[in-house]
Amino acid sequence: MSTDATPAQEQYDVVLLVEQALTPVDAAQVRALHVELDDDPTIEVVYHVLLPMADAAAAVEASLGVIGGADLMAAPMTPSPDEIEHLRTEYRDQAERDLATTSDALTAAGANVGDGTVVTDSAVDALIRKVKEVDGREAIILTRSHVVAEFFHVDWTSRARRKLGVPVLHLLEHDAS
């Protein structure tokens, strides 16, 4: 009597922390890291995507600083709570679109996307929570180059490496233009 039992699949969870929507090139680069696991029918690679939302209040402060801030103006400009909430809604909508674009790019590259989350608090804390939640095997952080933060080891990757017990890989995102 022969049995054609399919071996149980082990899930290999990878948590991605991305700074912006992934391009198809970025998605292919991520998938290429796990291509050897695709050859093993007992392993299923699942990607969990985290994308931080821009901070509306910080953006308003930064833009005021660019135009000179209160030092150069007769009366300081203070945005209303409604204006900040409107900006926060715009940032949330943009983050949701970027997350959908990222999931689509990964899926087009052959990835199995488990879930995606827009992060509103600390990106590194969210990464740590997600790795623990899904029993992640590794974390991948995709960002633009942040030379000063990387030099002082206060960038996301350096902070995550100090707090996680899994491999943390830092990749530089490709310019979408």
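This is a predicted model: local features need pLDDT of at least 70, side-chain atom pairs count only at pLDDT 80 or more; totals for chains, interfaces and linings use all residues.
Local features need pLDDT of at least 70, and side-chain atom pairs count only at pLDDT 80 or more, while totals for chains, interfaces and linings use all residues. Residues are numbered from 1 along each chain as its sequence is written, and side-chain values use heavy atoms, with hydrogens and water left out.

**View 1. The chain holds seven helices and five strands.** Helices (H or I, at least four residues) and strands (E, at least two) are DSSP runs, numbered from the N terminus. The order is β-α-α-β-α-α-β-α-β-α-α-β. Of the 177 residues, 37% are buried. Buried means under 20% relative accessible area, exposed over 50%, partly exposed in between (1.4 Å probe, protein chains only).

**View 2. E10 pairs with R137 in a salt bridge.** A salt bridge is a side-chain nitrogen of Lys or Arg within 4 Å of a carboxyl oxygen of Asp or Glu. Here the closest N and O atoms are 2.1 Å apart. E10 sits in strand β1 and R137 in the loop between α5 and β4, so the pair ties together parts 127 residues apart in sequence. E10 is partly exposed at 38%; R137 is partly exposed at 32%.

**View 3. R31 forms a salt bridge with D38.** The closest N and O atoms lie 2.3 Å apart. R31 is buried, at 10% relative accessibility. D38 is partly exposed, at 39%.

View 4. K130 is buried at 7%, whereas E133 is exposed at 59%. Salt bridges with shared partners join D115, K130 and E133 into one network.
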